[in-house]
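Have the coordinates open as you read.

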Amino acid sequence: MAGYEPGIKAATASAVFKVRCKSTRPGEAVFVVGSHEALGAWSTAMALALTTTADTFPTWQSAPIPLLAGMMVEYKFIIQREDRQGTPQWQKFDGNYRVTPVAGQVLQAVSDWEVASAEISTLEVPEEPPVEQVPKPTKPTEADKAIAQQENEERLLKMAESGVEKAAAEVIETCPLAVTLTKREMSRRNFSQSLLTLDVDAPEPEKAEKAENEKAEKAEETKKEEKLDKKEGEKTEGTPQSTTATEEVKEVNESTAEDADAQAEQAEQAEAQDAPAEAPADVVVTQAPMDDEDEAVEYEVPLKGLGAPAVRGVPLKHITSFSALADVADAQTKVEHRRREKEKAQSRYQPYNLDVPVVIVTSEVAPYSKTGGLGMVAASYGFEFARNGHRTMVVAPKYKHYDGISYCGETRVRIKDQEENVKYWHLRKDCGEGKGTDFLFIEGRGIQRDGGLYNDDDGREYPDNLERFTMLCLAAMEAPLILDINGEGKYGDKVIFLANDWQAGLVPVYMCYKYRRHNCYTQARAIYVIHNLGYQGQYHGHDACRFFGIDSKAAHDLVLGNCINLSKGALICADRVLTVSPNYSKEIQTASGGFNLQDFVSAKAASLRLAGILNGIDDCWDPAVDPDVFVNFSVEDFEKGKMENKAALQKMLGLDVNPDLCLIGFVGRLTWQKGIDVLASVISWLMQDTGNGVTGQVQLIMMGNGERQYSDTLRWAESNYKGRVCGYVGFDPKVEHQMMAACDLLLMPSRYEPCGLPQMYSQMYGTLPVVHATGGLVDSVKDVSIGVETATGFLVSPLSSDKLKETLFRAVELNIKRKQDFLRMQRTAMQHDYYWPKAMDEYERQIDIVLYEPATVR
């Protein structure tokens with residue numbers, strides 16, 4: 001039946017909306033608007049467009065719309081122009097239609113434009129095939145198991161990071177991450193920051209010695225207690241007290257939150273026991289339970305006790321992404337690079353609104369403040385929009401005093417029913433050719449801290465972060481209206497606000513509920529940029545109306561469940577939503593990638609106000625002039641240049657100098673999200689020479705820092721494969737550049753990656769990426785399956801140990817046995833354009849669209 005899609009019955013509940021309407025004119029369409037977010041939450045600007053054809057006119061209908069089962073939805077139809085301009089025409093009767101979705105069913109609501117009642121029916125599901133035609137169930141293949149395990153792991157990780165109490169409970173019951181989560185103090189279980197990105201730095205000598213003494217004392221006490229328990233057990237039940245290492249690890253995985261700490265101690269004791277006889281001497285075999293499966297998957301885990309941990313490179317406290325430590329090319333370097341690379345620097349889109357200023361609101365901006373990729377991207381926005389011709393302002397907190405800044409004004413903002421004084425500090429940065437960017441730094445109570453930007457030195461989130469970033473948003477919105485910068489006049493109230501992530505999420509909310517209601521910023525637009533939806537800005541225990549000075553309707557937009565959610569408010573109120581890659585904009589519309597906000601993202605997509613733009617890379621990533629590499633090279637002489645860089649890096653890192661080996665690199669945070677556990681499971685296989693001419697013909701460089709267990713994996717690999725593996729625990733930006741220039745392959749087995757930058761860096765240096773097919777990695781890597789003439793790398797899907805081995809075997813074999821095809825792919829990768837001017841064409845197009853569309857009205 002029309003409107004039914006196979007598989008929709010598996011959804012919680014769905015409805016198809018139909019209306020017979022002959023009143024439309026050319027250029028007009030029928031929309032459905034209603035109480036549910038998927039229907040625009042009664043906002044005509046967010047109404048869901050219906051479709052018709054020459055065969056079905058005058059019937060207009062929607063696709064099946066996912067709704068909450070049992071929750072009544074009110075709705076009505078409107079006629080308006082297809083571009084949503086002008087005044088909408090409502091149905092003329094009083095009241096609304098109503099439909100109550102039923103779990104597991106697809107309801108069809110059919111109406112007539114002139115009639116106030118609707119016919120509700122259930123769409124028929126295609127009949128099941130006869131019993132004799134139903135194929136007999138087959139045992140799941142290894143690929144099926146890998147896919148199921150991957151999906152479950154990704155779901156559990158994202159649920160944990162979303163900070164939802166119910167989700168955390170499910171993780172504790174089924175996931176090995178439970179121990180990591182439950183061992184953190186409650187103060188670290190904040191809702192605005194990720195649960196899994198805290199640094200695990202090497203302990204200071206005094207603290208380390210103290211910790212060892214405490215551990216020894218605790219061990220003695222534990223032994224005494226065990227002896228007593230054993231005697232009591234023998235007296236009562238006579239049950240042996242010892243268990244195998246595998247059984248104890250399994251008990252840890254299945255333990256509840258209350259027993260997590262005790263179980264973790266048992267696991268540590270178990271690791272000290274001997275490995276099973278059939279396992280290699282350098283590893284123990286642990287088992288991770290799989291949902292709905294009787295079998296378990298084995299992973300190789302390095303034994304501890306390799307001596308004092310050595311951490312190289314720069315300290316990583318408060319750093320959540322290695323991109324925060326990367327250098328940014330200055331204006332002169334960028335101008336020179338674009339003069340040399342004229343083809344890549346040339347704009348292919350002619351913007352219509354270069355006279356509209358751009359105001360970038362961000363919690364961090366390089367080089368002044370940065371913990372991750374957000375700071376780097378914000379700095380690029382500031383440079384690129386100014387270079388294009390926009391008057392450009394970047395607004396960020398003044399976390400400390402920066403050289404060259406000067407006081408330029410102040411104002412007062414209202415937070416929590418009280419006035420707060422805010423000062424503005426200004427710095428003008430030259431962008432070349434007479435253009436420049438205004439950097440505004442906000443100073444106010446609570447902004448400056450002795451620790452990091454968001455957390456203190458112990459990893460605890462500052463308790464007043466909500467106040468700090470509310471102040472940032474209010475100050476940013478006042479700045480264009482009140483500040484006369486450099487004597488050039490005020491920016492005015494026709495500007496584009498680019499609000500980045502949850503810290504700037506209140507900009508669209510205040511735009512709708514504060515400024516536009518008082519006829520201010522009526523011509524301005526707010527674009528919300530999602531860099532990672534896993535970070536949402538969720539806070540408990542606040543009265544939204546009093547805290548933000550807004551009415552109950554605005555508060556409803558900000559509240560999700562029993563807490564404030566700044567990302568939800570931004571999604572609803574923004575005039576347009578952008579993500580940092582096209583594929584990521586699709587992933588966050590799904591239950592597995594939406595972090596509980598997928599319905600709001602889907603509503604934005606349904607109203608055609610969602611788009612994804614792949615981030616650009618900085619001009620400093622250019623092998624022809626890179627000062628950090630051993631030998632500079634270009635696409636014309638890359639074969640010779642990469643060979644010389646490989647030899648130099650092999651020598652520097654203590655690897656055997658051998659040009660015939662395939663050199664594979666990994667750079668990333670040592671966390672479960674980056675897939676380091678999957679990489680660890682294939683190290684021994686990669687190193688073992690079985691006579692196939694591929695495995696055993698490999699060298700591996702792994703650089704990163706993060707969770708201790710993964711740092712130990714790097715040290716274990718280096719100690720067991722001297723001259724063939726370098727486990728660089730730490731991070732050095734210079735070494736990262738040298739790896740890009742020297743390696744043949746770059747490995748990125750990330751479980752999810754909104755954009756990702758290393759895979760683009762590597763291609764510019766002729767290093768082919770091997771990546772998991774997720775997020776921005778899909779958008780930036782062309783798989784070898786499309787042909788070596790156009791491919792730039794290798795995609796792994798699904799992410800599993802076996803699939804990674806299969807893809808790596810194909811990549812290494814191509815490098816060793818089919819050198820000309822590998823060289824062709826390297827040349828194609830180096831000729832690709834991932835620099836910012838290309839990305840800016842898309843940003844300018846989105847600005848033109850959002851200024852053409854009507855503003856969001858709430």
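This is a predicted model: local features need pLDDT of at least 70, side-chain atom pairs count only at pLDDT 80 or more; totals for chains, interfaces and linings use all residues.

**The nine-stranded sheet**

An open sheet is built from nine strands in the order E16-E17-E18-E15-E14-E19-E20-E24-E25, with mixed pairing. Residues are numbered from 1 along each chain as its sequence is written, and side-chain values use heavy atoms, leaving out hydrogens and water.

- At the edges sit strand E16 (406–415) and strand E25 (610–612); each has a single partner strand, so one side of each is left without a neighbour in the sheet.
- From one strand to the next, the twist averages 25° (angles run from 0 to 180 degrees between N-to-C directions, with axes as lines fitted to C-alpha atoms, for helices over the stretch in contact).
- Strand E24 (residues 576–579) pairs with E25 in the parallel sense over three bridges, and Leu578 stands opposite Ala611 in E25.
- H10 lies across E14, E15, E16, E17, E18 and E19, running at about 120° to E16.

**The three-stranded sheet**

- Another open sheet has three strands in the order E21-E23-E22, paired antiparallel.
- Its edge strands are E21 (538–539) and E22 (559–560), each pairing on one side only.
- E21 and strand E23 (residues 563–565) are joined by two bridges, and Tyr539 has Ile564 as its bridge partner in E23.
- Helix H14 (residues 566–573) packs on this sheet, touching E22 and E23 (contact means heavy atoms within 4.5 Å), and its direction makes about 45° with that of E23.

**H11 against H14**

- Helix H11 (residues 506–515) and H14 pack at about 50°, with axes 7 Å apart.
- The contact is made by Leu506, Pro508, Val509, Cys512 and Tyr513 of H11 and Leu566, Gly569, Ala570 and Cys573 of H14.

**Nonpolar cores**

- A nonpolar core is a set of buried Ala, Val, Leu, Ile, Met, Phe, Trp, Tyr and Cys residues joined through side-chain atoms within 4.5 Å; buried means under 20% relative accessible area (1.4 Å probe, protein chains only).
- The largest has 107 residues, of which Tyr381, Phe385, Phe497, Tyr521 and Phe548 touch the most other members.
- Helix H10 (residues 465–482) gives the most to this core, with ten residues.
- A second, separate core of 41 residues includes Leu700, Tyr721, Val770 and Phe794.

Technical notes:
Buried means under 20% relative accessible area, exposed over 50%, partly exposed in between (1.4 Å probe, protein chains only). Helices (H or I, at least four residues) and strands (E, at least two) are DSSP runs, numbered from the N terminus. Two strands pair if DSSP finds at least two bridges between them.
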